Amino acid sequence: MTMPGRKVIMNFEVTPTSHSLEEYRARGGYATLEKALKLQPADITKEVTASGLLGHGGAAFPVGRKWGVMKPIPGEIHYLCANADEGEPGTFKDRWILENAPHLLVESMLITSYALGVRHAFVYIRGEFDLPYRRIQGAIDEAYAAGYLGKPVFGTDFALDIVVYRGAGSYVCGEASGLITSIEGRKPYPRNRPPRLTVRGLYQKPTVINNVESLANITGIIRMGAEEFRKIGTAKSPGTQLISISGHIAKPGVYEVEYGYPWAKFLDEDCGGMLHGAKMKCVVPGGISTKVLTRAEIEPLTLCHESVNPAGSGIGSGGMIAIAEGTCMVRLLQVLLRFYHHESCGQCTPCREGMGWMHRIIDRIVEGKGVPEDIDRLYAISAANDGTTICGMGDAAGYATVGILNKYRDEFEYFITNRRSKFDGRLECLA
Amino acid sequence: MPRLTIDGREIEAAAGRTVMEAATDAGIFIPYFCWHPKLSVPGNCRICVVGVEDKGGEWVEIACNMPVTEGMVVYTNSEKVRARRKATMQFITLNHPVDCGICDKAGECTLQDYHYEYNGERSISVDAKAHATKHYSLSPRIVLDNERCIQCTRCVRFTREISKSNGLGMQNRADHSLVRAVEDGSFANDPYSDNVIDICPVGALLSRSFLHKARVWYLKPTASVCPGCSRGCTVNLWHRRPEWRLRAPGMRAQNETIDRVTPLENPAVNGPWICNKGRDIAKVLGRARAETAMLKGRPAELQGAIAQARSLIAAARKPVAVVSSWASNEELAAFKAALGARFSVLVKADHEPEPGEVVQDDILIRADKNPNTAGARALFGEAPLALPPDADLVLVWGEGLDFGLIPAGAKIVYLNAWLQPENGHADVFFPTSIQTERDGHYTNFAGVTSAFTQCFPRPAGVADAQALFAALAGQAGGGE
């Protein structure tokens, strides 16, 4: 989707053949790799750190800091994994990269691997992604044929192999340690930290796991240089964010937004406003694990971390869901909690028991059998999950629940008292 | 060595130790379900939370996976920690059936104890409990109640890290997760499988042989040594407490049987584990007993049999003794002192590996299926079991010798505890006591000596081997 502002990733016209190696090279593809291989690996890490690139997987952890923890040791095995297990509901931005710019990811992984002393890299892609899988596998095959992968490139002694690993679509596989456990062929139980994965990760070796979009930015950063990259976006959120917007919106899709873009303008102008001209009730900013914000709350905000975080939410994974006036938030929370219950891996106690418990409570409320204490129970379970689980999923479900309860408590109370929804249990947006 | 403070007590712990290990070493208790000193750290039960002081105040983290650092300040019982534990106990008991009244684990259940210690309140849930399979047959030996299971994965890790059978795994996700055996039957064939019953912190894994047999508070553990092989694992033999014995007539069998066998932790021999054969050792010890002395198959008074044996020993020109490797060191020493000079002595294996039994592995099981071969050989030498053809008196002690090997015409004096056909073929037969009826020591293959203790009184008519040898020696010495 077209947007004003500078672009790092969506900077070409998508055509039926624009993902091919030929056209990628015509756009200047793999020239950045050649440039990068003339630098020292440490300089690339320094450049990425200087660029201030923040992780795009949801937690916005600085990429350079993650890389910095992994000190490449000559002779030691290191791994790189691209996290293409895009499972956060509402998020489908990585799919765009995998489908339309697979070579950008391959080139970025080559540069990253060179910087981190990696010889073997993995793309962990969720099993439901069919076209993205064929596109990325096709791109890797092309890169092997063209000599970018599998053997030393551009006269250096650096060579890289990339393996695409297809997951079976479990949400926790998108959690970095669950992801590598899955690659190892085991049930994707997330691991306790310490040790950090950059110390002991895949096959007990130091491993860097980055989101697809974070990695896709690397080529741009090296091409234009950190200084130039920092001019895009804001001081604290450099660069751009791919936002995948869905829900009750007129023009859903993936947009590349320069950080600092006014949020209301993005929704009203670039996305064409709400579906059927409806009024907007609230928006899920970045995947359902971030707290919802009402229309009034987002009015003064711009799309960047320093603006959204103080409002009590976050850009997260960029999976935005617009929700129209007249949507039943109780039913919405039911959908979310069904998802979390279904996807809890069942490893640690608070999440394993808590997700099922919250799901049973919300189901009971929707059946019209809710009791007033249920709201307190949902709060208590969310609080007991906050920070007590092995991975972030327990916290995430709590945030989502508390986010909705805080703002729409009256709808829950109405449902419990009257045994019916305030909005006919509607989730769709009527014309 | 980092120095840290736990609950105001300054302790020192080796670098790389976790807070849990450091606290345990210092005698400070931190509750745990999933953690086990011999297994890897999964950190999934979340009950071992402790407070750690940091710049930003106190934050709560699990103790089992937190390495000690210099100057660390840890609280095991702060308000935050208590609140977290309470919440975790609410989660753990959420779908637990709390059917302690019919649960074999009741009385020695970690969940029961922790409920009183750390929660003590009703569930705040009003929803129905999630149901799962009950009485699921995990293997021919083990029954699983999935509703009681708290998914600590100790059993799964045991089969992966200790017994190496990889026989168990977790199936499904969330609160539908189930412990299940691998389809290839490796768990049913795992010779150490029953250890998962002991390490299960709740009553989910149950022994089929002990199922609903007794409430544990009616039982008493007696320290003993497993006679199943030359490892000599230390075990607890559980039998009815004397004060709770059943007084109705005909209850001797119930009062004097071994209800179950559990490992008695011993780092020098078996650690906290034993094999399944050891669990079933009650079947070996509980076989039908010989309780009357016999002369050529005819019941006789003990004193008459002793007199007959004395005269046989006195008359023998070349007496040979074949001693038992199931005898205690004390009995063997008594034999040597009383009759060692009169007999040439050979050591026999009472038991050989049975068909289908695991002969030897690199965990615990040894090929020599007798507990005290080392003790017997230390006293009587390593000579192979070959009876001289000119022997005219053979004293056989214990089962397992083929009487066909005894030279024709030689007189036989036989000591055995069990009711067996050979008993009637001996010229003189003495019934002897078994391990549970006396105190003693066994020396295992590595030279480690372990003690066993008497559980039951010796039945009337059964001889004590030590006294018997002295009685036999009195006549043999006097006749010379």
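## Chain B as a whole

In chain B, 64% of the contacts with a separation of 6 or more are between residues 24 or more positions apart, two residues being in contact if their C-beta atoms, placed from the backbone, lie within 7 Å. The model is predicted, so local features need pLDDT of at least 70 and side-chain atom pairs count only at pLDDT 80 or more, whereas totals for chains, interfaces and linings use all residues. Residues are numbered from 1 along each chain as its sequence is written, and chains are lettered from A in the order in which they are written.

Of the 480 residues in chain B, 44% are buried, that is, with 20 or more other C-beta atoms within 10 Å of their own. Chain B has 12 helices and 22 strands, taken as DSSP runs (helices H or I, at least four residues; strands E, at least two).

## Packing of α2(B) and α3(B)

Helix α2 (residues 79–92) of chain B packs against helix α3 (residues 110–119) of chain B at an angle of about 140°, with their axes 9 Å apart.

On the side of α2(B), the contact is made by Arg85(B), Lys86(B), Met89(B), Gln90(B) and Ile92(B), and on that of α3(B) by Leu111(B), Tyr114(B), His115(B), Tyr118(B) and Asn119(B).

## The side facing chain A

The contact between the chains takes 25 residues from chain B and 26 residues from chain A. On the side of chain B that touches chain A, α2(B) gives the most, with five residues.

Terms used: Axes fitted to C-alpha atoms, helices over the stretch in contact; angles between N-to-C directions. Buried ≥ 20, exposed ≤ 12 C-beta atoms within 10 Å, placed from the backbone.
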